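Here is a short note to read beside the model. Please keep the sequence and the 3D view open while going through the points.

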Amino acid sequence: RYNLMPGESNIFVENTIVGKTFLDPTTTSDTLLLSMGRDKLIQVKRELVDEYSQTKTFGNYVTQRYTYKIRLKNNKKTAVSIKLNDQYPLSTDKTMEIELLDKDGADENSETGILSWNIDMEPGETKSVEFSYSIKYPKNKNISHF
């Protein structure tokens, strides 16, 4: 429709060049996906909420609960729509059980552990989401958590 030629193109955001990409108009997809890197005017902070995270021992098992809060702040002068993704762990060890306890309205892909939120924010607005999961494992095992 626009008679574009394949080749390298520059990506501009708010009149500032943020990167380069290769534009191929011969692809059959009706959607053009471009990664423009991190927007410095959107602040994101992810932290473990200690007051909701805990460790319990019952019999031969230990259960650890982790709660995370993600805070977003829109420092732009315009409204934005953000797709926020995070992930909870999945176990390949049959002696360990991982359960998602709270996803705060996120769409969940249980095969990958990906949680997705679609968030609309006005200029200067701050929003936050939380999610929690538990890990139950035998007392004689050690797990590392990041």
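1. Start with Ser9, which lies in strand 1 (residues 7-13). Strands here are DSSP runs of E with at least two residues, and helices are runs of H or I with at least four residues, numbered from the N terminus. The structure is a predicted model, in which local features need pLDDT of at least 70 and side-chain atom pairs count only at pLDDT 80 or more, while totals for chains, interfaces and linings use all residues. Residues are numbered from 1 along each chain as its sequence is written, and side-chain values use heavy atoms, with hydrogens and water left out.

2. What does Ser9 touch, leaving aside its neighbours within four places in sequence? Ser9 is in contact (heavy atoms within 4.5 Å) with Gly19, Lys20, Thr21 and Leu23. Asp24 is 15 residues from Ser9 along the chain, and the C-alpha atoms of the two are separated by 10.0 Å.

3. Next come the charged pairs. Side chains of opposite charge can pair when their charged atoms come close. A salt bridge is counted when a side-chain nitrogen of Lys or Arg is within 4 Å of a carboxyl oxygen of Asp or Glu. The structure holds 9 salt bridges.

4. One of the salt bridges joins Lys76 and Asp39, with the closest N and O atoms 2.9 Å apart. Lys76 lies in the loop between strand 5 (61-74) and strand 6 (80-87), and Asp39 in the loop between strand 2 (16-23) and strand 3 (42-48), so this pair ties together parts that are 37 residues apart in sequence. Buried means under 20% relative accessible area, exposed means over 50%, and partly exposed is in between (1.4 Å probe, protein chains only). Lys76 is buried at 11% relative accessibility, whereas Asp39 is partly exposed at 29%.

5. Glu47 and Lys45 also meet in a salt bridge, at 4.0 Å from N to O. Glu47 is partly exposed, with 26% relative accessibility. Another salt bridge is formed by Lys127 and Glu125, whose closest N and O atoms are 4.0 Å apart. Lys127 is partly exposed at 30% relative accessibility, and Glu125 is partly exposed at 26%.

6. Now the rings. A pair of aromatic rings is described by the distance of the centres and the angle of the planes. Rings of Phe, Tyr and Trp (its six-membered ring) pair if their centres lie within 6.5 Å; planes under 30 degrees apart are stacked, over 60 edge-to-face, and the rest tilted. By this rule there are 5 aromatic pairs.

7. Tyr68 and Tyr133 are a stacked pair, 6.4 Å centre to centre with 20° between the planes. Tyr68 is in strand 5 and Tyr133 in strand 10 (residues 126-138), so the pair links distant parts of the chain, 65 residues apart. Tyr68 is buried at 4% relative accessibility, and Tyr133 is buried at 4%.

8. Trp117 and Phe131 form a tilted pair, 6.2 Å centre to centre and 45° between the planes. Trp117 lies in strand 9 (residues 114-121) and Phe131 in strand 10, so the pair ties together parts 14 residues apart in sequence. Both residues, Trp117 and Phe131, are buried. One aromatic cluster is formed by Tyr66, Tyr68, Trp117, Phe131 and Tyr133.

9. Which charged ends sit over rings? A charge sits over a ring if NZ of Lys or CZ of Arg is within 6 Å of the ring centre and within 35 degrees of the ring normal. The charged end of Arg46 sits over the ring of Tyr68, 4.0 Å from its centre. That of Lys136 sits over the ring of Tyr61, 5.0 Å from its centre.
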